[in-house]
Amino acid sequence: MTGAKHRAAASAPSGDATSSHSLILSTATRVLMPLLLMLSVFLLVRGHNDPGGGFVGGLVASTSFVLYTIAHGVRAAREVIRVNPASIAAVGIAIAALSGLPAVLAGEPFMTGVWLSAPLPVIGKAGTPLLFDTGVYCVVLGVVLGMVFTLTEH
């Protein structure tokens with residue numbers, strides 16, 4: 001092995017090939033990940049009355065985990081999530097589908113918005129659109145993470 005190749009092989013990170021092992025990126029991820037997750041929940045909660053919602057919130061949440069994947073590798077990101085992304089997406093589909101049942105039980109057409117009579121603290125006026133958006137949030141999070149993990153593992 002030549003000197004340059006030997007130094008490159010010696011300095012290559014062991015373990016997960018998708019991890020960058022950058023101290024700056026790892027440190028920034030520790031700060032940015034919770035902020036992005038809080039922003040995603042804010043977008044989810046505000047989305048049924050203002051711009052945002054489950055799709056945008058799910059994209060922001062998945063961005064936080066993608067950032068973590070880049071900084072620490074797929075294996076570490078899977079350990080942080082602890083749930084298979086396909087399961088997250090499946091739960092999201094179930095939540096979105098079930099959000100139409102309150103309207104049916106009230107004698108309205110399926111997926112008609114049903115609202116609580118009193119506003120909730122922080123959330124405000126809540127109803128089945130928020131439940132539907134929560135399902136969409138989970139679907140987007142699960143699908144994006146499933147794609148990113150699959151692409152980075154191979």
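This is a predicted model: local features need pLDDT of at least 70, side-chain atom pairs count only at pLDDT 80 or more; totals for chains, interfaces and linings use all residues.
Local features need pLDDT of at least 70, side-chain atom pairs count only at pLDDT 80 or more, and totals for chains, interfaces and linings use all residues. Residues are numbered from 1 along each chain as its sequence is written, and side-chain values use heavy atoms, without hydrogens and water.

## Overall make-up

The chain has 7 helices and 0 strands. Its order from the N terminus is α-α-α-α-α-α-α. Helices are DSSP runs of H or I with at least four residues, strands are runs of E with at least two, and numbering starts at the N terminus.

Of the 154 residues, 33% are buried. Buried means under 20% relative accessible area, exposed means over 50%, and partly exposed lies in between (1.4 Å probe, protein chains only). The accessible surface of the chain is about 9100 Å², and carbon and sulfur atoms hold 71% of this surface. Areas come from the Shrake-Rupley method with a 1.4 Å probe; for residues, only the protein chains shown count as cover.

Among contacts with a separation of 6 or more, 67% join residues 24 or more positions apart. A contact means heavy atoms within 4.5 Å.

Two packed helices are described by the angle between their axes and the distance between the axes. Here axes are lines fitted to C-alpha atoms, for helices over the stretch in contact, and angles run from 0 to 180 degrees between N-to-C directions.

Helix α2 (residues 23–46) and helix α3 (residues 54–72) have axes that come within 8 Å and cross at roughly 170 degrees. The two are therefore roughly antiparallel. Angles over 145 degrees count as roughly antiparallel, under 35 as roughly parallel, 65 to 115 as roughly perpendicular, and the rest as oblique. Among the contact residues are Leu-25, Leu-32 and Leu-43 of α2, and Val-60, Phe-65 and Ile-70 of α3. The contact holds 16 nonpolar, 7 polar and no charged residues. Ala, Val, Leu, Ile, Met, Phe, Trp, Tyr, Cys and Pro count as nonpolar, Asp, Glu, Lys and Arg as charged, and the others, Gly among them, as polar.

The axes of α2 and α7 come within 9 Å and cross at roughly 145 degrees. Ser-40, Val-41, Leu-44 and Val-45 of α2 meet Leu-130, Asp-133, Thr-134 and Tyr-137 of α7. This contact divides into 5 nonpolar, 2 polar and 1 charged.

## The salt bridge

Side chains of opposite charge can pair when their charged atoms come close. The structure holds 1 salt bridge, defined as a side-chain nitrogen of Lys or Arg within 4 Å of a carboxyl oxygen of Asp or Glu. Arg-78 and Glu-153 form the bridge, at 2.9 Å from N to O. Arg-78 is in helix α4 (residues 74–81) and Glu-153 in helix α7, so the pair ties together parts 75 residues apart in sequence.

## Single residues

Phe-132 sits in helix α7 (residues 128–153). Beyond neighbours within four places in sequence, Phe-132 contacts Ala-96, Ser-99 and Met-111. Its C-alpha atom is 9.1 Å from that of Ile-93, 39 residues apart along the chain.

Met-111 is in the loop between α6 (101–105) and α7. Val-122 lies in the loop between α6 and α7. Most residues other than glycine have a negative phi. Met-111 has a positive phi, near 70 degrees. Val-122 also has a positive phi, near 70 degrees.

| Residue | Relative accessible area | Class |
|---|---|---|
| Arg-78 | 32% | Arg-78 partly exposed |
| Met-111 | 38% | Met-111 partly exposed |
| Val-122 | 82% | Val-122 exposed |
| Phe-132 | 32% | Phe-132 partly exposed |
| Glu-153 | 41% | Glu-153 partly exposed |
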